[in-house]
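This briefing concerns one protein chain and is arranged by topic. Please look through the sequence and the structure before reading on.

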Amino acid sequence: MDLRIFTEPQQGATYDDVLAVARATEDLGFDAFFRSDHYLAMGVDGLPGPTDAWTTLAGLARETSRIRLGTLVSSATFRHPGVLAIQVAQVDQMSGGRVELGLGAGWFAAEHAAYGIPFPAKRFGLLTEQLEIVTGLWGTPVGELFQHAGEHYTLTDSPALPKPVQRSPLDPSRAGVPVIVGGGGPTRTPNLAARFGAEYNQSFPEIASVPGRIGRIREACVEVGRDPGTLVQSVALVLCVGRDEAELARRARAIGREVPELREHGIAGTPDEAVERLTWLAAQGVQRVYLQTLDLADLEHLQLVAEQVVPHLNTP
């Protein structure tokens, strides 16, 4: 299992705040730094205001050297797929091939209204075409043109440039970056993950539902003729760990959560409890966990996990 730090900067963070967490992520030995892609805070004032996900990642690409970088997840409503393909490929080049793209249909209507972004009622077709286009643009051989005529987008005689540094995990003969597909739908989302995903992510699932969802994704892979073992299984869960009950309670208060609820739904409790839950998840087939870190000023929290949780896991 590998552990990734996952942040929500729209809740209130400057680029420098995000950079400090990314550097701690790298220094402490975690696998990756990921961030949400949102433009509106939820439940707080969000001061000083949102930072754009791909602008942030471009900066981090030049200010880190080892960790992988990505979004969990970018909304298909935010960017035209041709523009997104260029942005991701460029940040991949800037990072030396360390980028991953999490892409979803979008769900937060209020942020779209706040910034004048269209929010169609039906978005699954939009997401499907975006996945077809971004992977198609990256995978088109240099010197050939890419075409797409769909319900939502038409691309004509695209040179399909620039290319990412990385090769597609699904077809190493072509350029591409790992794509993360997530969601709770029982049929359509598993099919998309099987077709396009290097990874399937369950974001904040009920813990007991994890094994069943993994089973459904594996079935979807078989249905499209793909080896289920080639699709990484991951979950994203809130992180709140303390050496004792007092420290745990302090960290829970800082993020506006209750300790019992965190213990039920997240990677929470003492270091031993965190190890127990992560070990259980690994036994169910989870290979990667995104630790949602909400208090970006509490870098000691990450140090505690690195020192007292990670050494007791079977990590890469």
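By about how much of a helical turn are E219 and R216 separated in helix α7? They stand three residues apart in that helix, and therefore about one helical turn separates them. The model is a predicted one: local features need pLDDT of at least 70, side-chain atom pairs count only at pLDDT 80 or more, and totals for chains, interfaces and linings use all residues. Residues are numbered from 1 along each chain as its sequence is written, and side-chain values use heavy atoms, with hydrogens and water left out.

**Salt bridges**

- The whole structure holds 20 salt bridges (a side-chain nitrogen of Lys or Arg within 4 Å of a carboxyl oxygen of Asp or Glu).
- One of them joins the side chains of E219 and R216, at 3.6 Å from N to O.
- E219 has 46% relative accessibility and counts as partly exposed; buried means under 20% relative accessible area, exposed over 50%, and partly exposed in between (1.4 Å probe, protein chains only).
- Another salt bridge, at 2.7 Å from N to O, is formed by D31 and R4.
- This pair links distant parts of the chain, 27 residues apart: D31 is in the loop between α1 (15–27) and β2 (32–35), and R4 is in strand β1 (residues 2–7).
- Helices (H or I, at least four residues) and strands (E, at least two) are DSSP runs, numbered from the N terminus.
- R4 is buried, with a relative accessible area of 1%, whereas D31 is partly exposed at 25% relative accessibility.
- D298 and R251 also meet in a salt bridge (2.5 Å, N to O).
- In this pair, D298 lies in the loop between β12 (288–293) and α11 (299–308), and R251 lies in helix α8 (residues 245–254), 47 residues away.
- D298 is buried at 12% relative accessibility, and R251 is buried at 3% relative accessible area.

**Helix α6 and F196**

- The buried residues of α6 are T189, P190, L192, A193, A194 and F196.
- These buried residues pack against α5, β8, β9 and α7 (210–223).
- F196 has a relative accessibility of 12% and so counts as buried.
- Beyond its neighbours within four places in sequence, F196 is in contact (heavy atoms within 4.5 Å) with L131, E132, T135, L170 and V179.
- The C-alpha atoms of F196 and P178 are separated by 9.1 Å, although these residues are 18 apart along the chain.
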